[in-house]
Amino acid sequence: MNLMFTLDSNYITQLRYCLLSIIRFPVSEGYDVYILVQERTLEFDRLKEEFEKNENVRIHLLEVNETLFASFPEIARYTRVVYYRIFAASILPSNMDRVLYLDPDIIVIKPLDELYNMDFNGNYYIACSHTKEILTEINRVRLGIKNNVPYINTGVMVMNLELLRKEQTTKEIIEYVNKHGKSFILPDQDVITAVYGEKVKLADTMKYNLSDRLITMNNLNIIENEFIDMDWVKKNAVIIHYYGDNKPWKENYRGILNVFYNEIAENSITECVD
């Protein structure tokens with residue numbers, strides 16, 4: 001199973017916990033983990049050494065040439081690393097036909113096989129959307145999107161690398177960024193939604209990209225929605241995503257999903273002590 005992450009060294013700890021949560025569920029072919037970085041540091045080398053003690057895990061550290069992204073805008077919380085996933089098809093090995101991209105602030109609580117092997121049905125991506133109709137319309141205006149496509153959360157995406165290599169062009173991305181870059185809020189999500197939104201197959205958000213925010217929004221309307229509590233999460237969810245500012249490693253965290261992160265963190269500490 002091919003997995004991909006893009007990050008800098010600030011998220012090494014979260015990446016480690018994410019990987020620990022994933023490899024609890026072995027797959028017959030093992031895990032090939034591709035980590036796209038600006039600079040290969042000692043912290044990344046240590047991570048590689050740690051996880052490759054498991055014979056079913058192979059870590060590939062890929063330094064990305066920053067020249068390609070020189071004209072791309074950066075905003076306060078996001079470096080140009082966020083653009084790496086957009087061009088994953090040209091960065092990753094040419095013999096790969098698909099990869100599952102995950103943000104490092106994720107904990108996996110069930111096997112990923114079903115999501116990973118999902119049929120693309122001719123699309124570039126399989127991903128989830130968190131936005132309601134009114135926000136979709138706001139984003140459509142902000143990003144200059146002609147069609148009413150859903151706004152994509154790019155924290156979990158299965159990528160059709162084979163098709164992207166055939167059809168994606170650098171020119172279309174750069175032209176769009178140069179035209180709309182000043183209005184970006186979440187650069188990679190804005191670009192993928194605007195340029196490729198019509199080529200995204202939607203997956204079940206509550207199953208594959210669940211957050212405390214989504215639980216709160218869902219439970220505000222229990223007349224139409226099934227109430228979500230911890231029992232529901234354990235039964236139905238596969239991927240827990242701590243996106244935004246509400247992180248379980250921060251003091252001001254609010255929600256119920258921190259138990260999954262804390263479990264991995266505590267077990268990791270125990271293993272180190274033992």
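What percentage of the 274 residues of the protein count as buried? In this predicted model, the share that counts as buried is 51% of the 274 residues.

**Overall form**

The secondary structure of the protein is made up of twelve helices and nine strands. Along its principal axes, the C-alpha trace extends over about 55 × 50 × 35 Å. When the contacts between residues at least 6 apart in sequence are considered, 77% of them join residues at least 24 apart.

**Helices α1 and α2**

Helix α1, which covers residues 12-22, packs with helix α2, which covers residues 42-51, at an angle of about 15 degrees and with the two axes 11 Å apart. Because angles under 35 degrees count as roughly parallel, this makes α1 roughly parallel to α2. The crossing of the two helices, α1 and α2, is right-handed. On the side of α1, the residues that take part in the contact are Ile12, Leu15, Arg16, Leu19 and Leu20, and they meet Glu43, Phe44, Leu47, Glu50 and Phe51 of α2. Sorted by class, this contact of α1 with α2 holds seven nonpolar and three charged residues, with no polar ones.

| Helix | Residues |
|---|---|
| α2 | residues 42-51 |
| α6 | residues 161-167 |
| α8 | residues 187-196 |

Helix α8 is largely enclosed by the rest of the structure, because eight of its ten residues are buried. The buried residues of α8 are Pro187, Asp188, Gln189, Asp190, Val191, Ile192, Thr193 and Tyr196.

Within helix α6 lies Leu164, and this residue counts as buried because its relative accessibility is 2%, where the cut-off for buried is under 20%. Which residues does Leu164 touch, if those up to four places away in sequence are not counted? With that exclusion, Leu164 touches Ala89, Tyr124, Tyr125 and Met159. Leu164 and Ser90 are 74 residues apart along the chain, yet their C-alpha atoms are separated by 8.6 Å.

Definitions and conventions
Residues numbered from 1 in each chain as written. Predicted model: local features only at pLDDT ≥ 70, side-chain atom pairs only at ≥ 80, totals over all residues. Heavy atoms only, no water. Axes fitted to C-alpha atoms, helices over the stretch in contact; angles between N-to-C directions. Helix = DSSP H or I, 4+ residues; strand = E, 2+ residues; numbered from the N terminus. Parallel < 35°, antiparallel > 145°, perpendicular 65-115°, else oblique. Left-handed = near helix turned anticlockwise from the far one by under 90°. Contact = heavy atoms within 4.5 Å. Nonpolar A, V, L, I, M, F, W, Y, C, P; charged D, E, K, R; others polar. Buried < 20%, exposed > 50% of the residue type's maximum accessible area, 1.4 Å probe, protein only.
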